[in-house]
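Please read these notes with the structure open beside you. Take the points in order and find each residue as it comes up.

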Amino acid sequence: MSRECTLDVNGSLTTLQVAPSARLIDVLRDNLGLTGTKEGCGNGECGSCTVLLEGRPVNACLLIALEVEGRAITTIEGLLGPGGKLSPVQQAFVEAGGIQCGFCTPGMIMSATALLEANPAPTDAEIRDALVGNLCRCTGYTQIIESVRAAAVRLGTGDRPEAPR
Amino acid sequence: MSDCRHIGKARPRPDAADKAAGRTLYINDLIRPGMLHGKVKFSEHAHARIVRIDTSRAERLPGVRAVVTAYDTPEIRIGFLNDNFALKRDKVRQFRDEVAAVAAIDPDIAAEAVDLIDVEYEPLPGVFTLDEAMAQGAPLVHEMDARGNPLTTNELSLRYGHESGDLAVAERASAHVVEGRFSTQLMQQSCLGTAGCLAELDMSGNLSIWARTQIPFLAQRDFTQALRALGLPGRNCRVIVPALGGTFGTGLDTHAYEYIAIVLAHRTNRPVKILYNREEEFANLSPRQSAEVEIAQGCDREGRLTFRRVRVRQDNGAYGSWGATFPTVMLLPVTSLYRVPNVSFDARLVYTNNTYCQAMRGYGNPEVTWPIESNLDELAEAASIDPFELRMRNCNEPGETTPMGLQVTTCGLKECMEATAAKLDWGAERRARRGVGMASLIHVGGSGRIYRSDGGGVILKFDDFGQINVSYGGVEMGQGLHSALSLTVAEALGVSPDKVTINPTDTGTCPWDVGTHASRGAFIACNAALAAAEKARAQIFAAAEEVFPRLALQNLERYCVQHPDYRAPTFDLAAAVKADRFELADGQIVLRDAPAEPWLKVDLDRLLRAIHFRGSRGEVITASAFYEPQSDLPDWQKGVGNMSATYAYGAQGAEVEVDEETGEVRIVRMVAAHDVGKVLNPQTLAGQAYGGLTQGVGYALYEEILTEQGRILNPSFTDYKIPTIREMSFPVHLEFIETDDPAGPFGAKGVGEPGLVPTAPAIANAIYDAVGVRIRDLPITPEKVLRALDARRAASAGKQTSTP
Ligand code: FES
Ligand code: FES
């Protein structure tokens, strides 16, 4: 009962057989081996499965794979630059200490990437709005906000309307 | 140690890049060839006899490889009190009891099969509150103890207490006495990575298990016993710890699901993985215990504490975990937070048909710091002394021995409180409905002895390329242990931290360690690493006596070719080469008594190769050390014993604003000041402090597992609210006080848990300061605040009408 479907993930097309009910997160993790996308709840509550669908952050645990056929999907693995270099946002999380157990990290970084794409110089309030769906139990978020601020600077938009506290 | 190269400097943690790239492998990501997926069938009753289990429909489902129950597998007893079973037989004692389990070729089939298992129950009356459980003639949760002796009460046999001084005399002599009752809630650890394990047996019956554990070696002991029960005595058990998506205490016990995975792997001869989903994690994993506390404290006219009396009752749930030893840590603040000469403590734990509980960060400490610090503000008010001032008058000091017998070596509590007050502008005028509050903490800072060995070992292995591999048996669960450990090794061996690799934790390769709890990870690991590094240096320097001169002269030859005008200083190399005159720095070995000539420095990797490749005298350097901290195993019934090598102190303060219409509490800002001994890596240290405080905020204001007749009502993040980035939108000011503890590695104390210990009372005290209501039951919800405000208004209205 599975159907053939062509997914566009991280700039590559893959044709595979998927069950009509298969969730995007399972296809990414189990069929494509992209285990960087994490399942923290399976219910749209934690954001650890965040991927980008045509640049917009979505919960991969809530999407049916067949429904996103042909649309551009970016996972954490797709952020790496040439030669496997961390993206500026990933690098900022490393350097500003926005990572502890790391389970929320891929989802956090995907949400932050989408934010900075749309809004290169977000205020702290805008960062909070963008990350409110991403739960983290370890960091208390302070260093995550600092990471996003640092990422904005790295992306070449150093002038920020709100001074860091 | 002020001239450290790496210690004390912010540096990204070694595992950060892989985590940022999504490359880190958690239990969720592990796959073994032929692996099956296990799923547990949980009880549908809080207390019931099991009449019949019919697994036939599940067994017939295509894709199912095994269905197991207690009736067709050997009995495996689990838990610190041996009162729990991997699979339940005869009766269930809580909703989450494991009555059967399935292994299937994929998770969906396993879930379907579990639904096809029919269990017939005969419901029994249950006990769901402390009073019900302790009532005369209450239904018994356990009819027998682990040895088969009949039980007559639901009270656990564990006894914890403390008596020092003369309480009655002290109470009578007090100028002010304030009593109160406080309670705390069930809190879920809420690790983002859910619980799971992967078990695999080889053809000889040796077990490998990848587990979310904080106690690899105690788990190894537990699982070895399970192998014996399965008819595999004397087989090897290897516990491997992959990357963990947080633990926060959930890894201090072994769990039924782990034994079930072992049983299924044994039955099917295939690797079996069990992974909880979020609902299972909330409903079927043990939360932090709740507590009911009665407290009384008194002081004299000058505000000096005269006595403290604390009575604790805890709902243990249906089985015993290490969480049943929370009172061992309660003893610290009860006897030793501030100077209080007369102390009485008693804690009782009671079995109920509620979910059984387990450890969480802070381990009993927040449960009693909450009443102590809330009640202290009440005492301050009774004595008309400023709460900060009252605390300062009773502040602990270095050199004191507390009623518990804790030997306070270093103590930065005074500095912590002063910093907190200063940063909060203590005493400043504030807007209406705004207030400030503070609370302090003491915690174990040099591990906490609850087991006959409280130590841990480290092995350092050097290779031909100057890389150093470090094996330690404790667990990195996100807290930054590997950062502290790699910086320590780098510092001690004069190499760059990126030359140091921390091996995965594996009981097959790492030396024994009691477990990563009690904020002990970095304290123990780094102390052991320093001792191992000392041994490695001795080995390297001894061998260098032989090989160094040759390498240096080769250097000189090459140097002279490159610098034809160079004139080497007259210097007796042979005389300078002595094992005790070498030093390692910047990845090189140097002689302390030699001039700073470039050719007199030899790269460590080159030196190691020269030591290795010298015919029959060749050696490769490895060094190991086991570090056992200096502390005593306390007598828990008497509540006496110096349980840690040093103690951590801290204070937190909050400024809040209370909306009197909605009861909403808004935190304006917080301060956390911690006596950390010494900062190892400011970045990871800040992470521990921020993260701990945030869990403290959740404990104070938002989080509570709700139950009804033993059933958990809110098993999701929608209904169980942990702080999101929005709740944490206030500034947090951190202050680290360095007291350079003589027992600590570079002077450092444990820092993992203190962050959440005083948060709730600091906030509650601020709420009182803001609007004059005292909340005594956590969490402090808007409803409770509103109710208290209403009661206060009613009372003051009553007062007004009754006053003529
Ligand atoms: S796993 Fe998708 S939101 Fe939690
Ligand atoms: S780093 Fe552990 S959940 Fe965010």
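**Notes on the model**

1. Start with one pair. Arg339(B) and Glu400(B) form a salt bridge, and their closest N and O atoms are 3.4 Å apart. Arg339(B) sits in the loop between α9 (326–336) and β17 (342–351) of chain B. Glu400(B) sits in the loop between α11 (387–393) and α12 (413–423) of chain B. The pair therefore ties together parts that are 61 residues apart in sequence. Keep in mind that this is a predicted model.

2. Now check accessibility for that pair. Glu400(B) is buried, because its relative accessible area is 11%, under the 20% cut-off. Arg339(B) counts as partly exposed, at 38% relative accessibility.

3. Arg32(B) forms a salt bridge with Glu200(B), with 2.7 Å between the closest N and O atoms. Arg32(B) lies in the loop between α1 and β1 (36–42), while Glu200(B) lies in strand β11 (residues 196–201), so the bridge ties together parts 168 residues apart in sequence. Arg32(B) is partly exposed, with a relative accessibility of 31%.

4. Look next at Glu583(B) and Arg592(B). Their side chains meet in a salt bridge at 3.4 Å, N to O. Glu583(B) is partly exposed at 23% relative accessibility. Arg592(B) is also partly exposed, at 44%.

5. Some bridges share partners. Asp425(B), Arg430(B), Arg431(B), Arg434(B), Glu655(B), Glu657(B), Arg666(B) and Arg669(B) are joined this way into one network. Over all chains, the count comes to 68 salt bridges. Side chains of opposite charge can pair when their charged atoms come close.

6. Is Thr55(B) buried or exposed? Thr55(B) is buried, with a relative accessible area of 13%. Its place is in the loop between β2 (48–54) and α2 (56–60) of chain B. The side chain of Thr55(B) makes a polar contact with the side chain of Glu59(B), at 2.5 Å. Leaving aside neighbours within four places in sequence, Thr55(B) is in contact with Val67(B), Thr69(B) and Ile117(B).

7. Turn to the domains. Chain B is assigned domain 1 (31–124 + 195–275), domain 2 (291–450 + 633–796) and domain 3 (456–627). In the contact between domains 1 and 2, domain 1 gives 20 residues and domain 2 gives 23. The buried area there is about 1,900 Å², and carbon and sulfur atoms give 53% of it. Phe80(B), Phe95(B) and Phe248(B) supply 31% of the area that domain 1 buries against domain 2, more than any other three residues.

8. How many salt bridges are there between domain 1 and domain 2 of chain B? The count is zero. Ten residue pairs are in polar contact there, both at pLDDT 80 or more. On the domain 1 side, the touching residues divide into six nonpolar, seven polar and seven charged.

9. Last, the chains. The contact takes 51 residues from chain B and 42 residues from chain A. About 3,700 Å² is buried between them, with 59% from carbon and sulfur atoms. Ala20(B), Leu192(B) and Ile725(B) supply 21% of the area that chain B buries against chain A, more than any other three residues.

10. Four salt bridges cross this interface of chain B and chain A. The side chains of Glu703(B) and Arg137(A) meet in a salt bridge, at 2.7 Å, N to O. α17(B) gives the most to the side of chain B that touches chain A, with eight residues.

Definitions and conventions
Residues numbered from 1 in each chain as written. Chains lettered and ligands numbered in written order. Predicted model: local features only at pLDDT ≥ 70, side-chain atom pairs only at ≥ 80, totals over all residues. Heavy atoms only, no water. Domains from an automatic or database assignment. Contact = heavy atoms within 4.5 Å. Buried area = accessible area lost by both parts, 1.4 Å probe. Polar contact = N/O pair within 3.5 Å; in protein donor to acceptor, adjacent residues only side chain to side chain. Nonpolar A, V, L, I, M, F, W, Y, C, P; charged D, E, K, R; others polar. Helix = DSSP H or I, 4+ residues; strand = E, 2+ residues; numbered from the N terminus. Buried < 20%, exposed > 50% of the residue type's maximum accessible area, 1.4 Å probe, protein only.
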